[in-house]
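Good morning. I have one structure to show today, and I will keep to what can be pointed at on the screen.

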There are 2 protein chains.
Amino acid sequence: MTQPLPAEFSLIARHFRPLAGEGALDLSDDAAVLAPPAGRELVISADALVAGVHFLPEDPADLVARKLLRTNLSDLAAMGATPLAYLLTVSAPKSTPDSWFAAFAAGLAADQAEFHLRLLGGDTTSTPGPVSLSVTILGTIRPGEAIRRNGARPGDGIWVSGTIGDGALGLLAATGKLADPDGFLADRYRRPHPRLGLAQFGVVGACMDVSDGLVQDLGHLCRASGLAAELDARLLPLSAAARQAGAEFLPLCLSGGDDYELLMAVSPAQEAALLTQAEALRVPVTRVGRFLAGPPDVTVFGLKGEPMRLDQAGWSHFA
Amino acid sequence: MTQPLPAEFSLIARHFRPLAGEGALDLSDDAAVLAPPAGRELVISADALVAGVHFLPEDPADLVARKLLRTNLSDLAAMGATPLAYLLTVSAPKSTPDSWFAAFAAGLAADQAEFHLRLLGGDTTSTPGPVSLSVTILGTIRPGEAIRRNGARPGDGIWVSGTIGDGALGLLAATGKLADPDGFLADRYRRPHPRLGLAQFGVVGACMDVSDGLVQDLGHLCRASGLAAELDARLLPLSAAARQAGAEFLPLCLSGGDDYELLMAVSPAQEAALLTQAEALRVPVTRVGRFLAGPPDVTVFGLKGEPMRLDQAGWSHFA
C-alpha cells in the first residue's frame, strides 16, 4: 500500500526542506544533530510570535518570517553571540494558502543568507486559532564571554543603538493611526535590525535588547545589576519620522515595544571602543543617561529637565 | 519611578524560574548559555502542541506539561540520545487562571526530575486563540552515534516497543466515545512513556517514534531506507484494553496517532541484544514484520493473513 505523503509532510518537503542545513538530516529524522563548534559555548533562546499580538494578521508572510528570526537574532546580539542555527514551529489554520507558506519560507531564506543561519528542525501543525510561531535560536560565543544584564557599574553610561520609539510608532502607522508617508515607521515595526556584533565582551558591561519599551527594559537592567538609573529624554535618539510625529509621542517612544535596539552599560573608559565598533558597523549609538548606586529604580527627565511620570512604563506580551 | 513587574515577568518568576537549571541564568537574561558536554554531540528537536489539536482543552495542565515534554523526549529516544535540557514557549489566553500555570509548572517539575532535564529558557505570551505550546529539547550522544531512519537493511525485523493503538483508542476514551472503565486508555493518550535508553546505536539499525500512526510512520522508515516492508497485524502487540475494545478497532490501532512507542529496524544478529536491553528496562518489544528489498511500500497482512487496505494510513497534524 503506497501512501501519498500527508499534507504536513509535503508542506515541509516543499517549503522547509530547502532551508535545512548541516545536521538537519534533511528534516527527515526525529531530531537534528549538532556538533558543537570547537572552543565555543552555545547561546540559546526561544521566542514565540502570535498573529494579532506580535504582528498583524495581514502582515506579508515574508516579513513575518523575518521579524520572527530577527527578534530572536536580537537576543543573540544582546548576549554578544554569533548566529549559528535555528529551529522553527509553525501552527497555522488549515485554511492557510500554500502561497502564505511559500512567502514565509522565502522570508526565512532571505534572512538565513543575510545572517548566516541554517534551519535545523521544527514542527508544522494546524491550529483553530491565529498563526502561532516559535523559534529557538542558537549562537556561539567564546567561553565565559556572554554579556549579561548584571554587569552594569555605578557611573556607567546608558547607551542605546539606532533610534528609539520607531517600533511603537510603526505599529500605529501600520494600523492607520499615524501618518507615515514613506512607510519608514511601519517598516521599522515589521523589520527589526538585530545589532549583531555591536556589543563586545569587555567593552559593554551589561546589555539587553529593547523589546518591551526602553524604560521597562532599563528597569530590568537596574534590577539585574542592583543599580538605579537616570534617563534623559532630551538625549533620546529619535528618527526624523519620530520627530515629525511630535513631542506628544515622546512617552510612547520611551515606553513602547518592538524597537529591538540594544541597551548597553558602558564605562567611560570603554566609550571610545564602543564608538569605534559602532562606526565600523555603521550603527549609531547614543548615550541617554547613567547608572548610579542605589536601589533599582529608573528616573526619567523630560524635555525641560523635569522628572517625568509615565503611565505605562512598557509593554507586556502577557497582561 | 519604581515599576511593578509586568504580568508576564511575575508569571515567569513565580512559576518558571524555580525550574531553571545551570546555564539558564535564572531566566533573567536574553538567552541561556550552554557549555556543550565534552566529547558529546547535541541532538535537538522542536515540537508544538495546540489545545484542541494535540491535547484536549480540558486536560489537566500538569498532564499537558508532561505530554509536551514526553513527546519531545520520545524524539530523543528515537535518536538514541540522552536528555539534557529544554526551552519552552507558552502562549495562553489572558483569562488563563494562575492555577493553570501552577499546575502546568508542577507537571514540568515532575518530569524534569524523572527524566533529568533542566529548563534553559523560553517565552510566555498571550494569544487570542487556544493554548499553544512549543518545546525545543536538547539531548546528547557520542559523536556519530545518532540512530537514523535510513539505516534499515533488507531482512531486518520490524520491532515496536510497548503496545500499539492505545493512543488513538485513548483519545476516543477521553472524549467519551469508548468505554475505559479503569482509565488505562485515556492515561495512555495523556501520558506517553518515552522509551529512553531502549534503542542503542549498533543494535538498532533505524528508528523513529510512532507518533502519527504505525503504518504511516513505517512508510517514513521505508522511504528513508529505500525499502519495502511487510507488517503482520496478527503480531501487533495490543494492550488488554485494546483487545477488549474488539477487532473492529484494529485498523485504528494500525493507523492512529499518539502512541509514542519506538519503531525499530533490527537485524536477526542483533535481536538478542535488543531483547536484553528491553528486559533490563522492563519495556516489552515485539517483532511485527520485516523489511524487504523493493520500492518503498508497506504491505499490511490482516488477522487471516489477507492483505489489508487501510482507508487512512495515519494521522497528519496538518491536513
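This is a predicted model: local features need pLDDT of at least 70, side-chain atom pairs count only at pLDDT 80 or more; totals for chains, interfaces and linings use all residues.

First, the interface. On the chain B side, 70 residues are in contact with 70 residues of chain A. Which element of chain B gives the most to that side? Strand β2 of chain B, residues 41–50, does, with nine residues. By class, the side of chain B that touches chain A is made up of 35 nonpolar, 23 polar and 12 charged residues.

If you want one pair to look for, take Ala32(A), whose bridge partner in β2(B) is Ile44(B).

Now the sheet in chain A. Seven strands form an open sheet with mixed pairing, in the order β7-β9-β6-β10-β8-β11-β12. Its edge strands are β7, 206–210, and β12, 307–308, each of which pairs on one side only.

Within that sheet, strand β8 (residues 227–232) and strand β10 (residues 285–293) of chain A run antiparallel and are joined by five bridges. Here Glu230(A) stands opposite Arg290(A) in β10(A).

Finally, the helices. Helix α2 of chain A, residues 61–79, packs on the sheet and touches β7 and β9 of chain A. The direction of α2 makes about 165 degrees with that of β7(A). Helix α9 of chain A, residues 271–281, lies across β6, β9 and β10 of chain A, and runs at about 150 degrees to β10(A).

Notes. Residues are numbered from 1 along each chain as its sequence is written. Chains are lettered from A and ligands numbered from 1 in the order in which they are written. Two residues are in contact if their C-beta atoms, placed from the backbone, lie within 7 Å. Helices (H or I, at least four residues) and strands (E, at least two) are DSSP runs, numbered from the N terminus. Ala, Val, Leu, Ile, Met, Phe, Trp, Tyr, Cys and Pro count as nonpolar, Asp, Glu, Lys and Arg as charged, and the others, Gly among them, as polar. Two strands pair if DSSP finds at least two bridges between them. Axes are lines fitted to C-alpha atoms, for helices over the stretch in contact, and angles run from 0 to 180 degrees between N-to-C directions.
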